[in-house]
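User: I am new to this structure and would like to learn how to read a helix and its surroundings. Could you walk me through it?

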Amino acid sequence: MKVGSTRGLLIGYEAIGDVDGDVFLASPFLSFDVCNRLARAAAPSDSSWQLFTCLGPSAVANGYLSIDGLRELKQSGVTLSHVERLHAKTFIVGSRSFLGSANLTGAGLGSSKAANVELGVDLAGAQVEGVRKAMGKWVSRDVEDEDVEKLLIQAQQLTRADASASDDLDSESALVLVEQLLLDARDTSRTLWLKSEYGAPALDPWRRDWFFGRPAKGRPSIKTGDLVVICAQTRDCYAVVEVTSEAELLPDDYREARGDEADRCPWVSRTVPRFVPDELLELKAHELVRSTGGLQNGHMRLRFDQFTNTVRSLARLVTE
């Protein structure tokens with residue numbers, strides 16, 4: 001038995017690159033980037049893959065359980081099983097087994113910038129078989145496509161609560177802002193967006209009342225009250241804002257700020273900051289959504305779980 005203590009554990013990633021038998025995984029929390037990597041390993045594999053998790057609406061609503069990740073795993077042939085009140089984090093890959101504190105998330109496995117401090121043991125021989133038998137005794141049920149869709153609806157319908165906001169992004173106030181954003185995202189009158197801006201990330205404009213433009217292809221569907229994740233052409237996600245106006249056609253202050261470029265994106269939506277970190281963070285759009293193809297038109301809708309995952313990921317980077 002080998003005990004490991006690191007800031008993030010990459011043992012799970014190492015193991016799935018060399019599968020020598022059936023795979024059994026258990027993790028209450030799942031991030032999209034890890035699920036995507038597991039799915040790509042499982043799809044061409046001759047081994048059987050099964051993942052135990054817990055379909056908790058709260059985990060989805062708070063950005064800890066990825067709906068897209070669940071879909072990726074199912075499409076790759078991984079058998080998903082729901083275990084009520086699951087808390088175990090266990091990975092069996094053929095003859096190897098790992099038992100520890102790490103969830104199947106970037107923070108847990110150490111692949112994200114804000115890695116957790118985790119502790120676990122690498123098992124072998126009879127210990128692996130013992131863990132396998134214990135997992136086989138869990139009361140579980142298979143997860144169907146309709147279960148995943150129902151989970152998303154349940155997450156968005158969780159009861160809203162009151163929270164206050166703060167302008168100072170220390171760790172404590174950042175978490176307050178995040179909780180308010182996650183609550184506001186449940187408001188079904190709001191639409192959630194990912195908006196691509198030209199050029200490199202620029203935090204300063206989004207710290208105050210600002211605006212973004214849209215191409216001249218009919219009146220934009222982005223409306224007052226919508227919540228928007230701002231990303232750069234590099235697909236770096238770096239700020240969250242709220243839209244405060246219906247679209248305006250080439251207002252004077254916008255034309256003055258953008259010059260000749262204004263004519264290319266004449267429809268303007270005004271914004272206020274909702275979550276803008278003190279410094280640029282390493283968070284790529286492809287780590288959060290299955291495809292960024294919709295950004296070819298400058299913006300794309302985000303589902304509730306995608307938006308909350310993005311907000312939670314930004315907060316994790318701020319507070320670590």
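**Reading a helix pair**

Analyst: Gladly! Helices α4 and α7 are roughly antiparallel to each other (an angle over 145 degrees counts as that). This is a predicted model, where local features need pLDDT of at least 70 and side-chain atom pairs 80 or more, while totals for chains, interfaces and linings use all residues. Residues are numbered from 1 along each chain, and side-chain values use heavy atoms, without hydrogens and water.

User: At what angle do α4 and α7 pack?

Analyst: Angles run from 0 to 180 degrees between N-to-C directions, with axes fitted to C-alpha atoms over the stretch in contact. Here α4 (residues 67-75) and α7 (residues 145-156) pack at about 175°, their axes 10 Å apart.

User: Which residues of α4 and α7 meet?

Analyst: Contact means heavy atoms within 4.5 Å. On the α4 side are I67, L70, R71 and K74, which meet D145, V148, E149, L151 and L152 of α7. Five of the residues in this contact are nonpolar, four are charged and none is polar.

User: How many residues of α4 are buried?

Analyst: Buried means under 20% relative accessible area, with a 1.4 Å probe and protein chains only. Seven of the nine residues in α4 are buried, so this helix is largely enclosed by the rest of the structure. Among them are D68, R71 and E72.

User: What lies at the ends of α4?

Analyst: S66 caps the N-terminal end, with a side-chain oxygen 3.4 Å from the backbone nitrogen of D68. After α4 comes G77, which has a positive phi near 100°.

Terms used
Helix = DSSP H or I, 4+ residues; strand = E, 2+ residues; numbered from the N terminus. Parallel < 35°, antiparallel > 145°, perpendicular 65-115°, else oblique. Nonpolar A, V, L, I, M, F, W, Y, C, P; charged D, E, K, R; others polar. Buried < 20%, exposed > 50% of the residue type's maximum accessible area, 1.4 Å probe, protein only. Polar contact = N/O pair within 3.5 Å; in protein donor to acceptor, adjacent residues only side chain to side chain.
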